[in-house]
Amino acid sequence: TMRQLHHGNILHGSQDTHSVSRDRPIVYYHPFGPAGQVFEHFRSQRGLKVAIVGMGTGGMAPYIQAWQSLTYFEIDPEVVKIARNKDLFTYLSEARGKVQVITTDGRLGLQGLASTTYDIMVLDAYSSDSIPVHLMTREAVQLYFERLKPHGLLLFHISNRYLNLEAVLGNISADLHIPGLAQNFDSDSVMHRVRSYEKDLVGSSHWVLMARREQDLKPWISDSRWTRLCEEPGVGVWTDQYSNLFSVIRW
């Protein structure tokens with residue numbers, strides 16, 4: 001009952017079409033994983049506003065409750081058409097909260113919304129073997145925080161088979177004096193909590209969480225699954241003028 005969206009060799013989203021779990025985030029976004037741990041904290045918050053750069057199948061939309069809203073920024077109109085096709089995926093059509101899709105480059109789209117502020121921003125555009133570097137520079141991170149509310153959170157999905165992107169964010173975090181945490185989630189660690197028919201629905205994933213103040217990360221600092229971001233001197237600080245993919249390749 002699993003339906004998947006692949007682009008080349010990269011998995012960009014999945015949905016279980018079985019009625020029991022059709023409306024649940026799975027694989028990268030499973031409730032047991034880092035994304036689920038963050039969004040569970042905000043389940044009851046009225047008026048929560050979320051922005052996600054990179055849509056895939058819309059697999060995070062189930063986290064948005066009826067009293068909350070989500071804006072997707074997706075650069076590829078074909079991906080938008082696929083995610084909106086009810087015969088393929090139903091995350092968007094069956095979403096409980098208000099979901100808006102803006103078809104544009106995420107950074108450009110956020111620059112054009114100067115008056116808009118979000119509670120949570122998710123950057124989910126790094127799983128490919130050809131990452132959009134302009135979404136992971138010091139200037140990009142500064143822009144994201146300009147679009148976040150004072151206590152807002154910035155969540156990066158950095159699962160990547162070729163690149164260690166945690167090092168890049170660790171250096172940007174240190175350079176901007178912004179606290180950050182990371183979790184490299186191993187799905188095997190929770191298999192004892194999963195019913196047999198759900199085991200294929202949980203996937204390993206790698207995430208980074210940032211906030212302006214350490215106080216805003218308090219619920220996750222005390223969680224041993226999250227570790228503090230560290231600097232990697234050999235990687236340097238990526239900016240709009242400088243980046244070095246060779247320095248973060250998993251050789």
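Author: A residue counts as buried under 20% relative accessible area, as exposed over 50%, and as partly exposed in between. The structure above is a predicted model.

Reader: Is R138 buried, exposed or partly exposed?

Author: R138 has a relative accessible area of 25%, so R138 is partly exposed. The partner of R138 in a salt bridge is D175, which is also partly exposed because its relative accessibility is 33%.

Reader: What is the general idea behind such a pair?

Author: Side chains of opposite charge can pair when their charged atoms come close. For D175 and R138, the closest N and O atoms are 3.1 Å apart. D175 belongs to helix α5 (residues 165-176) and R138 to helix α4 (residues 138-146), so this pair links distant parts of the chain, 37 residues apart.

Reader: How many salt bridges are there in the whole structure?

Author: A search finds twelve. One of them joins D119 and K149, with 3.3 Å between the closest N and O atoms. D119 is in strand β6 (residues 118-123) and K149 in strand β7 (residues 148-157), so the bridge ties together parts 30 residues apart in sequence. D119 is buried at 11%, whereas K149 is partly exposed at 27%.

Reader: Where do K81 and E78 lie?

Author: Both lie in helix α2, three residues apart, about one turn of the helix. K81 is exposed, at 54%, and E78 is partly exposed, at 44%.

Reader: How is a pair of aromatic rings described?

Author: By the distance of the centres and the angle of the planes. The count here comes to six aromatic pairs. In one of them, F42 and W220 are stacked, with 6.3 Å centre to centre and 25 degrees between the planes. F42 sits in the loop between α1 (34-40) and β3 (49-53), and W220 in helix α6 (residues 218-221), 178 residues apart. F42 is buried, with 13% relative accessible area, and W220 is buried too, with 3%.

Reader: What shows where empty space is left?

Author: Rolling a probe the size of a water molecule over the atoms shows it. The largest pocket here has a volume of about 610 Å³. Its lining has 32 residues, and H12, G54, E74, I75 and A125 lie nearest the centre. Elements giving two or more residues to that lining are β1 (2-7), β2 (10-16), β4 (69-74) and α2 (77-84).

Reader: What kinds of residue make up the lining of the largest pocket?

Author: The lining divides into 15 nonpolar, twelve polar and five charged residues.

Key
Residues are numbered from 1 along each chain as its sequence is written. This is a predicted model: local features need pLDDT of at least 70, side-chain atom pairs count only at pLDDT 80 or more; totals for chains, interfaces and linings use all residues. Side-chain values use heavy atoms; hydrogens and water are left out. On a 1 Å grid over the protein atoms alone, a cavity is a set of points where a 1.4 Å probe fits but cannot get out, and a pocket is an open set with protein on both sides within 12 Å along at least five of seven lines; lining residues have an atom within 4 Å of a point. Grid points are joined across faces, edges and corners, and a volume is the space filled by probe spheres set on the points. Helices (H or I, at least four residues) and strands (E, at least two) are DSSP runs, numbered from the N terminus. Ala, Val, Leu, Ile, Met, Phe, Trp, Tyr, Cys and Pro count as nonpolar, Asp, Glu, Lys and Arg as charged, and the others, Gly among them, as polar. Rings of Phe, Tyr and Trp (its six-membered ring) pair if their centres lie within 6.5 Å; planes under 30 degrees apart count as stacked, over 60 as edge-to-face and the rest as tilted. Buried means under 20% relative accessible area, exposed over 50%, partly exposed in between (1.4 Å probe, protein chains only). A salt bridge is a side-chain nitrogen of Lys or Arg within 4 Å of a carboxyl oxygen of Asp or Glu.
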